[in-house]
Each structure stands twice: as C-alpha cells, then as structure tokens.
Amino acid sequence: MLVLFETAAGYAIFKVLDESKLQQVDSLYKEFETPEKANKVVKLKHFEKFQDTTEALAAATALVEGKIGKSLKKVLKRVVAKEAHEQLAISDAKLGGVIKEKMDVSCVHSPAVAELMRCIRSQMESLITGLPPREISAMSLGLAHSLSRYKLKFSPDKVDTMIVQAISLLDDLDKELNNYIMRCREWYGWHFPELGKIITDNLAYCKTVLKIGDRTNVAGSDLSDLLPEEIEAEVKLAAEISMGTEVSEEDIGNIRHLCDQVIEISDYRAQLYDYLKNRMMAIAPNLTVMVGELVGARLISHAGSLLNLAKHPASTVQILGAEKALFRALKTHKDTPKYGLIYHASLVGQTTAKNKGKISRMLAAKAALAIRYDALGEDTNAEMGVENRAKLEARLRQLEEKGIRRISGTGKAMAKADKYQHKSEVRMYDPSGDSTIPSTSKKRKFEEVEEEAEEPVTPAVKSKKPKKQTPAEVVEEEAETSAAAEEASKKKKKKKKDKKADAEPEEQMEEEEVAVTESTEKKKKKKKKVKEEDDD
C-alpha cells in the first residue's frame with residue numbers, strides 16, 4: 001500500500017512495509033514513538049518538492065477544493081502509475097474519488113488511514129530526510145499566510161459586503177436628512193414662516209434659505225434658477241407681509257451652515273444611490289430586475305450575504321423582514337403575514353389590495369430562483385430576470401382582468417353575459433279605497449242574501465293558512481276581485497228590474513230586521529268592552 005502525504009514543502013509518497021499493523025488502530029501510535037520504529041512501518045518512496053510559494057499555494061487551494069493540481073498529477077503519473085496494483089491511501093475522500101475517476105487508481109480512506117497520517121506527521125522530520133525543521137516551519141507559516149490571503153481575496157465584482165454597508169449607510173443618511181431638514185424648517189420658520197408652506201420641496205427650501213438669508217433680501221434677490229416664476233412671485237409677496245420675528249446675522253449664519261450640510265448630504269446620497277445601483281447590477285442583475293436595487297439590497301443586507309440569501313426558500317424570502325409579525329401571529333394563533341421587505345417592490349405596489357398576497361408569493365418564488373442564479377451561476381446577464389418579470393406582469397394583468405375573463409376547467413374562456421331584461425314592478429292605483437260610502441245598498445244586500453239561499457250548500461273545506469304574497473301578486477288579486485264585483489253588480493241590476501214590483505213589502509221587512517241586528521251587535525260590542533275593562 002502507498003500513502004500520499006501533503007506537506008508545505010511538497011508531496012511525499014510512503015510505502016507501508018507492514019500492513020498488518022494498520023489493523024490495530026488504537027495501538028498504532030505506539031509504532032511511531034521513535035524514528036526507528038516509524039521507519040519499520042513506513043518508508044519514503046518519493047518526494048516532490050515545490051519550486052516556490054506560488055506553486056505551493058496553487059497545490060494547497062486545489063486540495064482544498066478537491067481537485068488534482070499539476071504537481072500532484074505529475075507525481076501520480078511518475079510513481080503510482082508504475083505500481084497500479086497498489087492501493088493509494090489518502091486523507092481526503094473527495095480527492096480520492098477524483099483520482100480514481102481520472103487516473104484509474106484505487107484509493108483508500110478509512111479511520112486506520114487517518115490515524116496513520118497523524119502518526120506520520122508526528123515523525124515527519126525523521127521520515128523525510130533533507131528538510132531541516134526550521135525550513136519546514138518557515139514554509140508552513142508562509143503557506144498558511146498565503147492561503148488565508150487567497151481566501152479573503154475575491155473578485156471586486158462579487159463583493160456583497162459593499163452592498164450591505166451601502167444600503168445601511170443610505171438608510172442612515174435618510175434619517176439624518178429628515179432630522180436636519182425638520183430642524184432647518186422649524187428654525188427658519190420663526191423668521192419667515194410663510195416660506196415653508198410655499199416651498200414644499202426640502203432641497204429647494206434649503207437652497208432658497210441659503211441664497212436669501214434674511215427675508216428683507218428677497219425683493220432684491222433673483223430666485224429664477226431655483227424656483228418657477230409663480231412661486232418666486234409668491235415668495236416675494238409673502239416676504240413683504242411676513243409675520244415672522246426679527247433675527248440677528250449670527251442666527252442667519254448658523255441656519256445657512258445647516259442648509260449647507262443638508263445640500264451636501266443630499267448630493268452624497270444621490271452619489272451613493274448611483275454606486276449602489278451599479279454594484280447591484282454587477283452582483284445580482286436578475287434580482288435587481290425582479291424587485292429593484294433598493295429592495296434587493298435590503299434583502300441581501302437582512303440575510304447577511306448573497307450566498308446566505310440563496311440558501312433561503314421562497315417562503316422565507318417572501319416574509320423576510322416581518323419576523324416579529326410572524327412569531328406574534330404564531331403565538332396568538334392568527335393569520336401570518338403575507339409579505340415583508342418584498343412589499344416595497346414595484347410589482348406588489350401596483351396591484352390592488354386583494355391581489356397583493358398572490359403577487360408577493362409569485363414574486364418571491366421567481367426572486368428566489370434569480371438569487372440562486374446570481375449567487376451560484378457563472379453568467380452575469382439579466383435575461384432570466386427579464387423573462388420572469390414579463391411572466392409576472394402577464395399574470396398580474398390576468399388577475400386584474402378576472403372580472404371580465406374567467407378561467408374554466410377546460411381552459412380560458414370568455415364569460416357569457418346574458419341579455420339584460422329590465423323587470424319593473426309597477427303598482428296600479430286602486431280607486432276603490434277613496435270612497436267611505438259602502439258600494440252596495442240595503443236592497444242589493446237583500447238580493448244577495450236571496451241568491452245565496454238559492455245556491456246549493458257546498459261541503460265545508462278546511463281553510464289553509466294564507467301564503468306570503470309579493471306586492472305584485474297582491475295587486476293582481478285586487479284587480480281580479482274588482483272585475484268580478486263589477487260583473488256581479490251588472491247581473492244584479494238586471495234581476496232588480498224583474499223583481500221591483502214584488503220586492504217592496506219585503507224591503508220594509510228587511511230594513512226592520514237590519515235595524516234589529518245592528519242594535520243587537522252594538523249591545524254585544526258594549527258588553528265585550530266592559531268585560532275587557534274589568535279584566536284589565
């Protein structure tokens with residue numbers, strides 16, 4: 001068995017003389033207590049020394065990444081290929097897989113091999129001859145420094161740390177600007193309070209204050225380069241009738257110095273925004289196209305780095321920045337938030353409140369793909385981001401037009417709109433309720449009583465409870481009853497003419513009977529009222 005051992009000075013190939021001792025892993029260190037014992041177990045077969053530190057650094061980085069360097073390839077071809085039947089013991093299993101694939105050499109990695117490497121390192125000075133201990137330690141220290149520098153040194157186009165710092169500084173500048181501008185408006189407002197209402201733009205306000213100073217100088221100053229003509233005329237008019245207090249030149253000087261600070265910070269903020277925009281397009285072009293440079297930079301800053309953000313799933317990207325609301329909702333068993341920092345993206349902002357949750361979920365899914373493509377892909381173009389954004393915009397239009405277009409089970413189909421028919425409920429006027437006089441005379445009542453007596457008696461039918469009727473049905477029933485009453489009155493008139501001669505004595509009797517019945521009914525009503533009053 002051959003052993004591949006890496007040092008800071010070069011590659012060493014050892015041959016195991018007694019493989020049976022490798023089986024006793026726990027007691028293997030006893031065989032390397034002295035250089036004499038160690039030489040009985042392993043023997044140096046070949047040593048390939050590095051020419052300089054650059055070659056050593058290249059070999060070390062290749063080993064770290066699990067690749068075969070040029071110097072290692074030479075050693076394997078020169079020594080191991082001659083003894084192809086021998087197994088090669090290595091310390092890294094990943095490197096062993098690459099060697100077996102490319103060089104067709106069987107590699108071994110086990111706990112016994114790891115213990116053997118540890119033992120060889122303890123007796124390296126005696127096993128590798130020709131390298132003094134001082135030189136080996138100097139080489140190890142130099143290689144360690146070079147490797148650390150290499151790991152810290154990365155491409156300036158892929159520096160996400162700069163983005164994290166830039167977006168944090170941008171937020172700090174916004175806060176400071178707001179504080180400074182509020183202080184400037186309040187301070188100068190004591191002297192010229194009308195100016196704050198006329199000029200709403202903060203930067204224009206500070207530039208105007210810096211130029212005019214005292215309000216008495218407004219009439220003689222030219223503000224055309226800062227303000228439109230209408231606002232300039234309004235400022236000059238307000239300065240003449242201002243209600244502000246008088247201030248000294250020292251106060252005006254301090255206010256002007258504050259305005260200088262506001263203007264300088266505003267200019268630097270604009271410059272920093274351009275820097276952040278360019279840096280975002282260099283590092284994460286697809287993410288910038290999807291959500292914008294500010295939202296993308298805040299997502300990267302919140303995650304810590306672009307690589308950490310790429311490890312998050314789409315659901316985490318969606319609510320990134322709303323952690324407090326999420327845990328509060330989980331604790332109180334309420335609805336979880338639908339969006340976090342991604343809410344400020346332009347696609348979410350231009351949707352209606354009803355569709356914001358859907359769009360933020362779809363945007364987070366596409367943004368997660370864009371982040372992984374930017375972090376782990378080799379291309380630096382934004383084609384994927386543009387394509388996914390176009391899909392999201394099409395989906396957004398489809399959601400907004402959902403009232404016109406519906407999606408059926410078989411596919412998209414236009415909604416069928418039935419022809420509109422207006423059904424008005426018109427109530428006809430019933431004139432029968434206008435008159436308080438009874439419509440039929442006593443004679444007619446007598447004739448109706450006779451007709452009812454002549455009609456055959458029909459068996460009584462249990463009355464059903466009346467159903468609830470709509471206003472239209474009530475009007476129709478009233479019209480039918482009035483028509484039937486008119487037909488009945490016509491028939492009665494014809495019968496009257498035939499029975500006029502015979503009906504005179506009977507009418508007198510009827511009148512008497514009606515009077516008697518009316519008097520009895522009145523007495524009954526009075527008795528009922530008396531009873532009710534007694535009961536009460």
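The sheet is an open one, with five strands in the order β3-β2-β1-β4-β5 and mixed pairing. At its edges, pairing on one side only, are β3 (42–49) and β5 (107–108). This is a predicted model, where local features need pLDDT of at least 70, side-chain atom pairs count only at pLDDT 80 or more, and totals for chains, interfaces and linings use all residues. Residues are numbered from 1 along each chain as its sequence is written, and side-chain values use heavy atoms, leaving out hydrogens and water.

Strands here are DSSP E runs of at least two residues and helices are H or I runs of at least four, numbered from the N terminus; two strands pair if DSSP finds at least two bridges between them. Strand β4 (residues 88–89) runs parallel to β5, joined over two bridges, and L88 sits opposite C107 of β5.

Helix α5 (residues 111–122) packs on this sheet and touches β1 (2–6), β2 (10–16), β3, β4 and β5. Contact means heavy atoms within 4.5 Å.

Now for two other helices. Here are the angles, taken from 0 to 180 degrees between N-to-C directions of axes fitted to C-alpha atoms (for helices, over the stretch in contact):

| Pair | Angle |
|---|---|
| α5 and β1 | about 55° |
| α3 and α4 | roughly 60° |

The axes of α3 (residues 70–78) and α4 (residues 93–103) come within 12 Å. The contact is made by L72, K73, L76 and K77 of α3 with L95, I99 and M103 of α4.
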